[in-house]
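Hello,

Here is the structure for your files. My notes on it follow below.

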Amino acid sequence: RATELEDRAQFDALTNLPNRAAFIDQLRRGIGRSHRKAMPLAVLFIDLDRFKSVNDTLGHDAGDDVLRQVGERLQRNLRIGDTPARWGGDEFVVCLEDFGEMSNAGAAAQKLLLVLSERYEVMNSEVFATPSIGIALCPDSGDDAERLVKAAEIAMHEARKRGGGRFQYYSNALNSHLEQREELEVGLRHALVRDEFVLHYQPRIDVTTGRLIGLEALLRWQHPRFGLLQPDRFVPILESSGLIHSAGEWVLATATRQLAVWQRQFEMPDLSIAINVSPQQLAQSRIIDTVAAALDNTQLDPGCVELEIGDGNLSRRRDAEVDALRSLRRLGVRLSLDKFGTRDISFESLERGYVDSFVLDQSLIADVETNDSHQRIVRAAIAMAQGMDIEVAAEGVETLTQLEFLRSCNCDLAQGFLISRPMQSEKVSSILRSEIAGTRLLTRGMP
Ligand code: C2E
Ligand code: MG
């Protein structure tokens, strides 16, 4: 009885392999040996790509069967002295000891890749489950058991990110990237109270008259150590950590307050502001209160506020998001689809009339001079938009030729380095001052 209990504490019931606790135990002893004999040791972290779909399509029994077979294949294809174990779910780990050359760890991983990629026969079906394998070497990647497994797992994620069905060595570069991300995430938690967010504004002009009609608010983070960071570095972290809601609230409040100041100061009641909104924000009703409060506080005409909805497929939006869009419409703000041309858009979403404008993505504009198919897409998209009373803005306009092409297609608005880079609010004030004095931002190439 006692041994049965011991077994249960050490072995995984499904695969009969050592479990996580037993593996860590054996790994610790292995690390001790490797130190004493100055011999290399490696941890492999193995995860089955798309294993979840086996469970989803064939059921859990089939999934269990695959895992059992994976366990058998591991045991059959390792040398005596190497320890395979089940880490959890569809994750397996292996400790390789005494394998001579460092590159032999890669050779072992390659062999496992091959045998685990072979088809599995499960309940009269054929199943394929290619693995991704991460390798961490002792002592290079860490010298305690937990750290080694963690490093191997990080490398496994990298292997999967590169398409799966391959192995990847852990490297410090991988780690420093992750550490930086962690540091950024911790920093972002304090960025709001420490007042480290800044908005820059980029002008949008009317393509036919060259008049400045509005600005897009673009978020920046003044990081205490890394300097001024662009949104690609931190907006994805805001989104995945849930911090996007409070940051987005700050952006909405700040941008609308700033617009109200400019409208009054320069007597430009029609000046508009475009504000980027992440799809995550639409999943919570909080955004509706935020927008309502911003309108209330500033007494802006809601028609001057345009919310640019970022990535995501409008056709597959959940009910909560559709409700949010509807409520925002009722507040009178304009809704715009950002990065048009890089995403799927359903006719249904256009038909429902949620959308007042498109922002043509800069990837379409960048090579519009030389890329025939982009020319045709831009022309067709603008024609379609006109037929539906949807306004079109083009982003990333860098050359006069691009601007002229857009004018020939009857594009409404343009934004890009040709006209102006995003800038701080003080600089915008001085541009608005010249604008009302009659000096256009862009005079070259204007009719
Ligand atoms: P976006 O909405 O497509 O913003 C336009 C981006 O293109 C800006 O980058 C802008 O600096 C850049 N750009 C403008 N003109 C040109 C040009 O002529 N050439 C080139 N190469 N680039 C140009 P930025 O400021 O780095 O913003 C990147 C993205 O981050 C934005 O793309 C937007 O999706 C997101 N983002 C920015 N601010 C916010 C925010 O407050 N909230 C959320 N959720 N996302 C934001
Ligand atoms: Mg935008």
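Val-277 sits opposite Ile-309 in β12. This belongs to the parallel pairing of β11 with strand β12 (residues 305-309), which spans 5 bridges. Two strands count as paired if DSSP finds at least two bridges between them. Helices (H or I, at least four residues) and strands (E, at least two) are DSSP runs, numbered from the N terminus.

The model is predicted: local features need pLDDT of at least 70, side-chain atom pairs count only at pLDDT 80 or more, and totals for chains, interfaces and linings use all residues. Residues are numbered from 1 along each chain as its sequence is written, chains are lettered from A and ligands numbered from 1 in the order in which they are written, and side-chain values use heavy atoms, with hydrogens and water left out.

Back to β11. Strand β9 (residues 212-223) also pairs with β11 in the parallel sense, over 4 bridges. Here Gly-214 faces Ser-272 in β11. Of the 6 residues in β11 (residues 272-277), 5 are buried. Buried means under 20% relative accessible area, exposed over 50%, and partly exposed in between (1.4 Å probe, protein chains only).

Next, the metal. Which residues coordinate the magnesium ion (ligand 2)? They are Glu-216 (OE), Asn-276 (OD1), Glu-308 (OE) and Asp-338 (OD), at 2.0 to 2.3 Å. Donors are N, O and S atoms within 2.8 Å of the metal (3.2 Å for Na, K and Ca); water is not among the atoms, so sites may look incomplete. Along the chain, the donor spacing reads E-x59-N-x31-E-x29-D. Distant parts of the chain are linked: Glu-216 in strand β9 and Asn-276 in strand β11 are 60 residues apart. Glu-216 has 2% relative accessibility, so this residue counts as buried. Asn-276, at a relative accessible area of 29%, is partly exposed.

There is also an open sheet of 5 strands, ordered β2-β3-β1-β6-β7, with mixed pairing. β2 (83-88) and β7 (167-169) are at the edges with a single partner strand each, so one side of each lacks a neighbour in the sheet. The twist averages 20° from one strand to the next. Axes are lines fitted to C-alpha atoms, for helices over the stretch in contact, and angles run from 0 to 180 degrees between N-to-C directions.

Strand β6 (residues 131-138) pairs with β7 in the parallel sense over 3 bridges. Gly-134 has Gln-168 in β7 as its bridge partner. Helix α6 (residues 145-161) packs on the sheet and touches β1, β2, β3, β6 and β7. Contact means heavy atoms within 4.5 Å.

Best regards
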